[in-house]
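Trainee: I have the two-chain file open on my screen. Could we walk through it together, one question at a time?

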Amino acid sequence: MGAPGQPLTLFSLAQRGLSAQLVRMNAAASNLANAGTVAGSEAGTYKPLRPVFATALDAATGLATVDVRAVQQSSAKAIRTHDPDHPLADANGDVWTAPVDENAEMVEMLDSSRQYQNLVEALSTAKQLMLETMRMK
Amino acid sequence: MNETLFGIHGTALALRSQRMGILASNIANAATPGYKARDIDFAAALKASTSGASADQAISGATRYRVPTMPAMDGNTVEMMTEQTAFAENAVGYSATLQFIKGRVETITRALKGD
């Protein structure tokens, strides 16, 4: 995570960016895995997770990386379905389905993996250039 | 100018390296709401440092916010294609500068060895 108190390097910048994207991908994967899950109460339903990104500027070097400030639960309302035969149905015969939007999660996943890829590519180019500079005779 | 050995190329390499960091910052913050993409106006920074400004002064004086083609709703102004092309352009520039420096070092080495 880049040693605290040390100036930000390109490597720690990229690493923190990659970790943030990984958190985002994991959140989207959790949401997709829980799509369609049913609970017996509104409070017990799975709520989609969403990480909150924030810029972390290193004033000494002028570089800016990204931190995951929090992973928030979405405020979307659980979907109520009347299904008295369901084993989890409550006193009214209702069950509650997780409010996961599969399309939105899919887009989130794609966007995140593209940005991850992009960062890896930028890092490998930068690394290559650094090595070339180091090997200079 | 006190860096007479490498001339303009020493300064250019430092600026290129700094610009690479700024562009990598933009790429890392592609999904951060409200992040404003930055870039260094390379020509302006080089001009400033060849006319006597320090590297830090030249960079802070030539850092600009990117004007987005189409601003996003969340206030983020990072556009992948812009950042990727800028990064590639900068990497090529870095390589070229490095070649110039290598050539210079080779010349000096040959002169020192005398063969």
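Mentor: Happy to! Keep in mind that this is a predicted model. Let's start with Arg38(B), which sits in strand E1 of chain B.

Trainee: Is Arg38(B) buried or exposed?

Mentor: Look at its relative accessible area, which is 12%. Buried means under 20%, so Arg38(B) counts as buried.

Trainee: Which residues of chain A does Arg38(B) contact?

Mentor: Leave aside its neighbours within four places in sequence. Within chain B, Arg38(B) is in contact with Ile22(B), Leu23(B), Ser25(B), Asn26(B), Thr63(B), Arg64(B), Tyr65(B) and Arg66(B). From chain A, the contacts are Leu57(A), Gly62(A), Leu63(A) and Ala64(A).

Trainee: How many Å lie between the backbone oxygen of Gly62(A) and a polar atom of the side chain of Arg38(B)?

Mentor: Gly62(A) is among the residues that Arg38(B) contacts. Here it is the backbone oxygen of Gly62(A) that faces a polar side-chain atom of Arg38(B), and the separation is 2.9 Å.

Trainee: What is the C-alpha separation of Arg38(B) and Leu23(B)?

Mentor: Leu23(B) is another of the contacts of Arg38(B). Along the chain they are 15 residues apart, while their C-alpha atoms are separated by 7.4 Å.

Trainee: Moving on to Asp39(B), is that residue buried or exposed?

Mentor: Asp39(B) also belongs to strand E1 of chain B, which covers residues 38–40. Its relative accessibility is 11%, so Asp39(B) counts as buried.

Trainee: Which side chain joins that of Asp39(B) in a polar contact of 3.1 Å?

Mentor: Start from the residues that Asp39(B) touches beyond four places in sequence: Arg19(B), Ile22(B), Leu23(B), Ala62(B), Thr63(B), Arg64(B), Arg66(B) and Ala86(B). The polar contact of 3.1 Å links the side chain of Asp39(B) with that of Arg66(B).

Trainee: Now for the helices. At what angle do H2 of chain A and H1 of chain B cross?

Mentor: Two packed helices are described by the angle between their axes and the distance between the axes. For H2(A), residues 102–134, and H1(B), residues 8–28, the axes come within 10 Å. They cross at roughly 165 degrees.

Trainee: How are H2(A) and H1(B) oriented to each other, and with which handedness do they cross?

Mentor: Angles over 145 degrees count as roughly antiparallel, so H2(A) and H1(B) are roughly antiparallel to each other. The crossing in which H2(A) passes H1(B) is left-handed.

Trainee: How many nonpolar residues does the contact of H2(A) with H1(B) have?

Mentor: From H2(A) come Asn118(A), Leu119(A), Ala122(A), Ala126(A), Leu129(A) and Thr133(A), and they meet Leu13(B), Met20(B), Ala24(B), Ile27(B) and Ala28(B) of H1(B). By class, no charged residue takes part, two are polar, and the nonpolar ones number nine.

Trainee: Which residues does Asn118(A) contact, beyond four places in sequence?

Mentor: Asn118(A) lies in helix H2 of chain A. Its relative accessibility of 11% makes it buried. Its contacts are Ile27(B), Met80(B) and Gln84(B).

Trainee: One more place: what is the relative accessible area of Gly17(A)?

Mentor: Gly17(A) is in helix H1 of chain A, residues 10–33. Beyond four places in sequence, Gly17(A) touches Thr65(A), Val66(A) and Leu119(A). Gly17(A) is buried, and its relative accessible area is 0%.

Trainee: And is Gln73(A) buried or exposed?

Mentor: Gln73(A) is in strand E3 of chain A, and its contacts beyond four places in sequence are Lys47(A), Pro48(A) and Leu49(A). With a relative accessibility of 55%, Gln73(A) counts as exposed.

Terms used:
Residues are numbered from 1 along each chain as its sequence is written. Chains are lettered from A and ligands numbered from 1 in the order in which they are written. This is a predicted model: local features need pLDDT of at least 70, side-chain atom pairs count only at pLDDT 80 or more; totals for chains, interfaces and linings use all residues. Side-chain values use heavy atoms; hydrogens and water are left out. Axes are lines fitted to C-alpha atoms, for helices over the stretch in contact, and angles run from 0 to 180 degrees between N-to-C directions. Helices (H or I, at least four residues) and strands (E, at least two) are DSSP runs, numbered from the N terminus. Angles under 35 degrees count as roughly parallel, over 145 as roughly antiparallel, 65 to 115 as roughly perpendicular and the rest as oblique. A crossing is left-handed if the near helix is turned anticlockwise from the far one by less than a right angle, and right-handed if clockwise. Contact means heavy atoms within 4.5 Å. Ala, Val, Leu, Ile, Met, Phe, Trp, Tyr, Cys and Pro count as nonpolar, Asp, Glu, Lys and Arg as charged, and the others, Gly among them, as polar. Buried means under 20% relative accessible area, exposed over 50%, partly exposed in between (1.4 Å probe, protein chains only). A polar contact is a pair of N or O atoms within 3.5 Å; within protein, one must be able to donate a hydrogen and the other to accept it, and residues adjacent in sequence count only if both atoms are side-chain atoms.
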